[in-house]
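Below is a walk through one structure, from its helices and sheet to its nonpolar cores. Keep the model in view while reading.

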Amino acid sequence: MSKILLEARGLCVNYGAIQALAGFSLKLFENEIVSVIGANGAGKSTFMNALMGMVKISKGEIFLDSYPLSRHNYKIVRSGLSLVPEGRRVFSSLTVEENLKIGAFTRKDKTEIKNDYEWVFSLFPILQERLKQYAGTLSGGEQQMLAIARALMARPKILLLDEPSLGLAPIVIQGIFKELKRINEQGVSILLVEQNAKQALLLSHRAYVLQTGRLLKEGASKDLLEDSDIKSAYLGHGA
């Protein structure tokens with residue numbers, strides 16, 4: 001069996017009197033795609049922000065490669081986690097090229113950085129065509145591609161994606177998820193949170209179902225796709 005690359009144990013996060021995460025635990029194995037699905041407000045984005053050190057954990061632990069994960073953002077990126085945030089959050093007033101350079105800000109290996117430019121352009125060729133274009137003028141799908149490429153320029157062990165399908169047309173979502181599979185096949189483990197449960201389960205190997213900050217179910221994604229409760233609550237009619 002592959003080794004555990006990332007492990008969250010009993011995470012609790014509070015926003016004042018509101019408990020956004022209530023003892024949530026998760027494991028991600030090397031070369032795996034894991035999805036976290038749940039309704040809006042389930043705590044999915046809070047979980048991602050907790051991993052990246054952007055919210056305070058009131059209880060629980062996070063381990064990367066069996067070592068405690070730093071709570072400092074820049075150290076987390078250097079450790080091997082890179083986030084594609086909800087809403088993409090590209091730097092609109094900077095060019096595509098400048099956004100990609102920012103993604104590699106923690107790195108000094110110029111030759112490998114150059115190779116990674118070629119890698120992300122092989123995944124998303126449109127970005128090479130738009131290299132000198134301001135990111136704010138890109139379409140929503142192109143901005144999502146840029147956000148993913150920018151995160152990959154950090155050369156992460158684990159790519160974190162927060163609602164990557166949000167606001168995108170179905171055909172664009174299919175294209176981006178196809179590239180996410182390629183990214184995983186090239187050695188990058190992936191953790192994504194999604195409201196689009198069907199797309200997430202079709203892409204991932206395993207999944208966790210989060211409900212009001214607590215684990216509802218977990219298992220192989222193919223099994224959850226056939227689970228009657230999951231179908232009824234998250235996959236809609238005819239799933």
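In this predicted model, helix α6 lies across strands β6 and β7 (158-162), at about 170° to β6. Contact here means heavy atoms within 4.5 Å; angles run from 0 to 180 degrees between N-to-C directions, with axes fitted to C-alpha atoms, for helices over the stretch in contact. Helices (H or I, at least four residues) and strands (E, at least two) are DSSP runs numbered from the N terminus. Helix α10 (residues 228-235) lies across β3, β9 (206-211) and β10, running at about 65° to β9.

The strands belong to an open, mixed sheet of 6, ordered β6-β7-β8-β3-β9-β10, where pairing requires at least two DSSP bridges. Because β6 (81-84) and β10 (214-220) are the edges, each with a single partner strand, one side of each has no neighbour in the sheet. From one strand to the next, the twist averages 15°. β3 (residues 33-37) and β8 (residues 189-194) pair in the parallel sense over 5 bridges; V34 has L191 as its bridge partner in β8.

The largest nonpolar core has 49 residues, and L100, L127, I148, L159, L180 and I183 touch the most other members. Such a core is a set of buried Ala, Val, Leu, Ile, Met, Phe, Trp, Tyr and Cys residues joined through side-chain atoms within 4.5 Å, buried meaning under 20% relative accessible area (1.4 Å probe, protein chains only). Helix α6 (residues 140-152) gives the most to this core, 7 residues. A second, separate core of 33 residues includes L21, V36, V77 and I158.

Residues are numbered from 1 along each chain as its sequence is written, and side-chain values use heavy atoms, without hydrogens or water. Local features need pLDDT of at least 70 and side-chain atom pairs count only at pLDDT 80 or more, while totals for chains, interfaces and linings use all residues.

Definitions and conventions
Buried < 20%, exposed > 50% of the residue type's maximum accessible area, 1.4 Å probe, protein only.
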